[in-house]
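We will walk through one model, stop by stop.

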Amino acid sequence: KLGYDVCTVELVDEATGDMQLSAERTVYAIRTIASRANQKVQVVGHSQGPLEVRWAIKYWPDIRNLVDDLIGIAAPYHGWRQTDFYCGQSCVAGLWQMRMESKFMGALNAGAETPGDVSYTSVYTLNDELVQPYSTADLEGGTNITVQDVCPGRVVEHIEMVFDAAT
């Protein structure tokens, strides 16, 4: 109604599949929306979602020229410590790739964490029960904001970040 093209990306196997394959869907969506709008796009993602966007920006150089802003909300950019607890010896691909020591995380964070002429913003909470340590949400070269920077003492957890007014 406001004149903006909007799309959502369905991640592979409801976000349990290979994040590199989900990144391919993200690439397609960014190219499509940028073409329709005839301008750079803004991308907002929650939790795992911004990881695929960063992968797309890093490994598809044309995407860097199509994205103006990436706003990650509660994104475990450097991995998720609890995967060791949930996964043990085996796990679904998406969780396995979010392990702090995974090859996916190593490749995602090698070199510049914020490549291209893209404005990167990471919004997260000190109370996140999943993204631990919360510092995994910091992006070198980006703007990092905790909800508590905006509203000191505010308690907001991982899922609440999606609909929290301060976020």
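**Stop 1: the largest nonpolar core.** Start by selecting V41, V43, L51, I57, I63, V67 and L70: within a largest nonpolar core of 26 residues, these touch the most other members. Keep in mind as you look around that this is a predicted model. Now colour α1 (19-37), β1, α2, β2 and α6 (103-109), the elements that each give two or more residues to this core. The largest share comes from α1, with six residues. There is also a second, separate core, made of six residues; A74, V123, V147 and V156 are among them.

**Stop 2: L51 close up.** Go back to L51 and show what surrounds it. Leaving out residues up to four places away in sequence, L51 touches M19, P76, Y77, M98, M105 and L108.

**Stop 3: the sheet.** Next, switch to a cartoon view and find the open sheet of four strands, which pair in parallel in the order β1-β2-β3-β4. Which strands stand at the edges? They are β1 (41-46) and β4 (143-146); each has a single partner strand, so one side of each is left without a neighbour in the sheet. On average, neighbouring strands here are turned by 15 degrees against each other, ignoring direction. Strands of a sheet pair through backbone hydrogen bonds, which can be arranged in a parallel or antiparallel way.

Now zoom in on the pairs. β1 and β2 are joined in the parallel sense over six bridges, and β2 (residues 67-73) pairs with β3 (residues 119-124), also in the parallel sense, over five bridges. Select L70 to see a link across the strands: L70 in β2 is the bridge partner of V43, and L70 also stands opposite Y120 in β3.

**Stop 4: helix α2.** Select residues 49-59. This is α2, which lies across β1, β2 and β3 and runs at about 150 degrees to β2. Is α2 mostly enclosed or open? Ten of its eleven residues are buried, so α2 is largely enclosed by the rest of the structure. To check this yourself, pick out G49, P50, L51, E52, V53, R54, W55, A56, I57 and K58, which are buried. Then show what they pack against: α1, β1, α3 (61-64), β2, α6 and β3.

**Stop 5: a serine in α1.** Now select S22, which lies in helix α1. S22 has 0% relative accessibility, and because buried means under 20%, S22 counts as buried. Which residues is S22 in contact with, leaving aside its neighbours within four places in sequence? They are L11, V12 and E52.

**Stop 6: the largest pocket.** The largest pocket has a volume of about 950 Å³. Its lining counts 35 residues, and C7, T8, V9, V43 and V44 lie nearest its centre. α1, β1, α2 and α5 (93-97) each give two or more residues to the lining, and β1 gives the most, with six residues.

How values were computed. Residues are numbered from 1 along each chain as its sequence is written. This is a predicted model: local features need pLDDT of at least 70, side-chain atom pairs count only at pLDDT 80 or more; totals for chains, interfaces and linings use all residues. Side-chain values use heavy atoms; hydrogens and water are left out. Two strands pair if DSSP finds at least two bridges between them. Axes are lines fitted to C-alpha atoms, for helices over the stretch in contact, and angles run from 0 to 180 degrees between N-to-C directions. Contact means heavy atoms within 4.5 Å. A nonpolar core is a set of buried Ala, Val, Leu, Ile, Met, Phe, Trp, Tyr and Cys residues joined through side-chain atoms within 4.5 Å. Buried means under 20% relative accessible area, exposed over 50%, partly exposed in between (1.4 Å probe, protein chains only). On a 1 Å grid over the protein atoms alone, a cavity is a set of points where a 1.4 Å probe fits but cannot get out, and a pocket is an open set with protein on both sides within 12 Å along at least five of seven lines; lining residues have an atom within 4 Å of a point. Grid points are joined across faces, edges and corners, and a volume is the space filled by probe spheres set on the points.
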